[in-house]
Amino acid sequence: MSNKEETLLLNDTELDRLADIASKTVDAAGEIILKHYLARGNVYNVSNANVLSWTSVAAEAEKAMISLILNNLPSHTVYGKQTGWNNCSGPTIPEFVWVLDPVNGVTDGLLPTFGTSIAVVHNGKSVIGCINNPVAQIKTIGRRGKTTRNGVVVRTRACEHLEQAYTDINDPDYNEDAKYAYNRLAYKVGETFFNGNCIAYSELAAGMLQVIVDSAVEPYGLLRLVPIVEGAGGIITDWQGNQLSWQPSPASSVPRDGFKVVASADLTTHQQIIFYSRFGLSPFSSLVFLIMK
C-alpha cells in the first residue's frame, strides 16, 4: 500500500463513529418497518386491507434514514433506493456516500426474511456494511477487520470438503444466470437454500453458511456486502473471481443484468466454487479452457 493510500484510510475511531450512526439509522428504519409489518399480520387478506404497500413503507423508512444521517453528517451524500441522490451536486464522486436499501427481500407473505441495509462508501471504497432484520432483531455490521452480529464479533466457518458446504443460491427459475448456477453447483455442495437475500450474507459471516451464489445484485445491494463478508474473514468476488466494485456517483453506470456475486467462508472453498462452476463460460468455452490447460 502506498503512503498516499494509507493517508486516505479512516482510522478505527472514525470507522466506529460511522458504524454507530449506521446502527442508529437502521434502528430508526426498523421501528417504522416493524410497525407496518405487525399491522399486516393482523389481517387475513393484505391486498384488501387498509395497510401501506411495501413500496410506501420503504419510502417512509428511507426518509427517516436520510434525515438521521444528514442531521449527524451534513456534508455527506446519500443514495437511496427509493429517492435516488440526496445532498449531491454535480457528477463528481463525493468523499462520503451512504447507500440505502430500506426493505430488501420482502415477499407478499409475512415471512420475516427481509432486511434493511446500509453501505458507507469513502472515496469510492465501501468501508461499512450494515444489515438489520427488524423482525428477528438481528443486526450485522462489518468494517475493516471486524464484523459483529448484535454486538458480538463473528467469523466465517470453513468446511473441510465442498460437499459439506451449506449454500444459498437463487431459485433456478429466477433468471438464466440462476439456472446456470444451480445446474453447475447444486450437486457439488452440501445442503442448498434458496433466495436468502441480504440476510444470507449475515448468516455466512456468522458461520451458518459457507457459500452464497447470487445474481442480478443491484449496486446499492452490492456495496453493503463486501465489508460484512471480508470483516468476518470471508471472500467475496464476482463470478470470475474478480474484485467487486462500483463507484457511487450520478455519472456511474449499472450493469444491465446487475452484478453476479460469489461469497465464501474461506479461500479454498471460494477457489473450488469458481473452478467447478466455470461461471461466465459456456460449456464450449469451458471445454476449450480444459484443453488449453
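Contact, as used below, means heavy atoms within 4.5 Å. The model is predicted, so local features need pLDDT of at least 70 and side-chain atom pairs count only at pLDDT 80 or more, whereas totals for chains, interfaces and linings use all residues. Residues are numbered from 1 along each chain as its sequence is written, and side-chain values use heavy atoms, with hydrogens and water left out.

**Exercise 1. Describe the surroundings of L204 and of T25.**

Step 1. L204 belongs to helix α5 (residues 197-205); helices (H or I, at least four residues) and strands (E, at least two) are DSSP runs, numbered from the N terminus.

Step 2. The relative accessible area of L204 is 0%, so L204 is buried. Buried means under 20% relative accessible area, exposed over 50%, and partly exposed in between (1.4 Å probe, protein chains only).

Step 3. When residues up to four places away in sequence are not counted, L204 touches T156, L209, Q210, V211, I212, V229, A263, S264 and A265. One of these partners, A265, is 61 residues from L204 in sequence, yet the two C-alpha atoms are 6.8 Å apart in space.

Step 4. T25 lies in helix α2 and, at 0% relative accessibility, counts as buried. Apart from neighbours within four places in sequence, T25 is in contact with M65, L68, I69 and I118.

**Exercise 2. Determine how helix α4 packs on helix α7.**

Step 1. Helix α4 (residues 176-185) and helix α7 (residues 267-277) meet at an angle of about 105 degrees, and their axes are 9 Å apart. Axes are lines fitted to C-alpha atoms, for helices over the stretch in contact, and angles run from 0 to 180 degrees between N-to-C directions.

Step 2. This angle makes α4 roughly perpendicular to α7. The classes are: under 35 degrees roughly parallel, over 145 roughly antiparallel, 65 to 115 roughly perpendicular, and the rest oblique.

Step 3. Helix α4 contributes Y180, R184 and L185 to the contact, and helix α7 contributes I273, Y276 and S277.

Step 4. By class, the contact residues are four nonpolar, one polar and one charged. Here Ala, Val, Leu, Ile, Met, Phe, Trp, Tyr, Cys and Pro count as nonpolar, Asp, Glu, Lys and Arg as charged, and the others, Gly among them, as polar.

**Exercise 3. State which parts of the chain are joined by the salt bridges of D12 with R144, K139 with D27, and D101 with K81.**

Step 1. Side chains of opposite charge can pair when their charged atoms come close. A salt bridge is a side-chain nitrogen of Lys or Arg within 4 Å of a carboxyl oxygen of Asp or Glu, and the structure holds ten of them.

Step 2. In the bridge of D12 with R144, the closest N and O atoms are 3.4 Å apart. D12 lies in helix α2 (residues 12-41) and R144 in the loop between β6 (138-143) and β7 (146-149), so the pair ties together parts 132 residues apart in sequence. D12 is partly exposed at 43% relative accessibility, and R144 is partly exposed at 40%. Both belong to a network of salt bridges that links D12, D16, R143 and R144.

Step 3. K139 and D27 bring their closest N and O atoms to 3.0 Å. The pair links strand β6, which holds K139, with helix α2, which holds D27, across 112 residues. K139 counts as buried at 15% relative accessibility, whereas D27 is partly exposed at 34%.

Step 4. D101 and K81 form their salt bridge at 3.8 Å, N to O. D101 is in strand β3 (residues 96-104) and K81 in the loop between β1 (77-80) and β2 (84-86), 20 residues apart. D101 is buried at 1% relative accessibility, while K81 is partly exposed at 31%.

**Exercise 4. Classify the ring pair of Y166 and F193.**

Step 1. Rings of Phe, Tyr and Trp (its six-membered ring) pair if their centres lie within 6.5 Å; planes under 30 degrees apart count as stacked, over 60 as edge-to-face and the rest as tilted. The structure holds six aromatic pairs.

Step 2. The ring centres of Y166 and F193 are 5.9 Å apart and the planes stand at 50 degrees, so the pair is tilted.
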